[in-house]
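Please read them with the model open.

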Amino acid sequence: MHRVMVCADQEELAARGAEHFAALAAKAIEGKGLFRVALSGGGTPKLMYCLLSAPPLAKRVDWASVHVFWGDERCVPPTHPESNYRLAQETLLERVPIPQDNVHRIRGELDPQAAASDYAQTLRKHFGLREAQETPQFDLIFLGLGADGHTASLFPNTDALKETSGWVAANYVEKLKNWRITLTAPAINAAAQVTFLVAGEGKAKTLKAVLEGSRQPRLYPSQLIEPAQGDLLWLVDEKAASLLESR
Ligand code: 6PG
C-alpha cells in the first residue's frame, strides 16, 4: 500500500520531506540509538537538503547518531559535478556536525563492479549482516522519479531490474552510455520507510503511469518499489500530481 501526499509546490515538498527526515530520525534514534538513511540524487532533493542543513531542523537532528548512505551513485569521482555524494555534501553534510565516519558514500571512482562490491561490503559491515539472504533494513530511503520511470539507478530494461537477492548492482545504462551503482529493488523494499520526492509537470505523465497505469516494471522500474513491511510515501507537488485520478 502506498500513500500520496500532494504539496502545493516544490517549497512545501522540500519542507515536508525535511520534516519527515527529522521526525523519523528522532524516532529511530530514540528507539535504537541510530538512524540510517539513504539519500537520492538528482535535482529534486536539493532544497530539502538545504532546509535540513539550517535551523530549526538542523538543530533538531542528533547528527552524531545519523548514518548517511546513498540509493545510487554515478560512476564518477566524489568531486565530480554529477556526483550524488557531492550534491549532498555541499547542500547538507558539510553544514551539519555529522561525523565523517557516519557518511558511507558509494565509491563511484572505482571500476563499476568494484564499486558495487565495495558498497555491498560497507552495508554488510555496517548492518552486521552475516548471510547473503539477510538484507540491510534502512530506516528511510529517499527516491526520485525520472521522466522515463526510473528510480535510483534502476532504469527501464536494464539488468539491475532482474536482481532478486543482491543488495547493490553495477548497472550499465545504454541511453546514458554509462554505468551507475544502485541499490536493488529488494534492498529498497526492505526499508522501514521509502519516500519518493516528485515535482514538476514534466513528471505528471510518468507519475500517472506508475501509480495508476498497468503494472509494467521493466518499462516503469519505480513500480518495483513495494516495501515488504515498510511504508511507501509519495511526496509530490501539484504539478506532478496534475493528471492523477486518485488524489
Ligand atoms: C540520480 C537519482 C535519480 C533521480 C531521478 C530524478 O542519480 O539521478 O538518483 O534516480 O532521483 O533521476 O531526478 P530529478 O530529481 O533531477 O528529476
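1. Near, for a residue and a molecule, means that a heavy atom of the residue lies within 4 Å of it. By that rule 14 residues surround the ligand, and the closest are T44, D72, R74, A152 and K203. The model is predicted: local features need pLDDT of at least 70, side-chain atom pairs count only at pLDDT 80 or more, and totals for chains, interfaces and linings use all residues. Numbering starts from 1 along each chain as its sequence is written, and side-chain values use heavy atoms, without hydrogens and water.

2. The shell has 2 nonpolar, 8 polar and 4 charged residues. Here Asp, Glu, Lys and Arg count as charged; Ala, Val, Leu, Ile, Met, Phe, Trp, Tyr, Cys and Pro as nonpolar; the others, Gly among them, as polar.

3. Which polar contacts (N or O pairs within 3.5 Å) involve ligand oxygen? A side-chain N or O atom of T44 is 2.6 Å from a ligand oxygen. For a polar side-chain atom of K203 the distance is also 2.6 Å. G41 uses a backbone N or O atom, at 3.4 Å. The protein covers 85% of the 410 Å² of accessible area that the ligand has on its own (Shrake-Rupley, 1.4 Å probe).

4. Now the sheet. Strands are DSSP E runs of at least two residues, and they pair with at least two bridges. An open sheet of 3 strands runs β4-β7-β6, paired antiparallel. β4 (72-74) and β6 (168-173) are at the edges with a single partner strand each, so one side of each lacks a neighbour in the sheet.

5. β6 and β7 (residues 178-183) are antiparallel, joined by 6 bridges. V168 sits opposite L183 in β7.

Terms used: Polar contact = N/O pair within 3.5 Å; in protein donor to acceptor, adjacent residues only side chain to side chain. Helix = DSSP H or I, 4+ residues; strand = E, 2+ residues; numbered from the N terminus.
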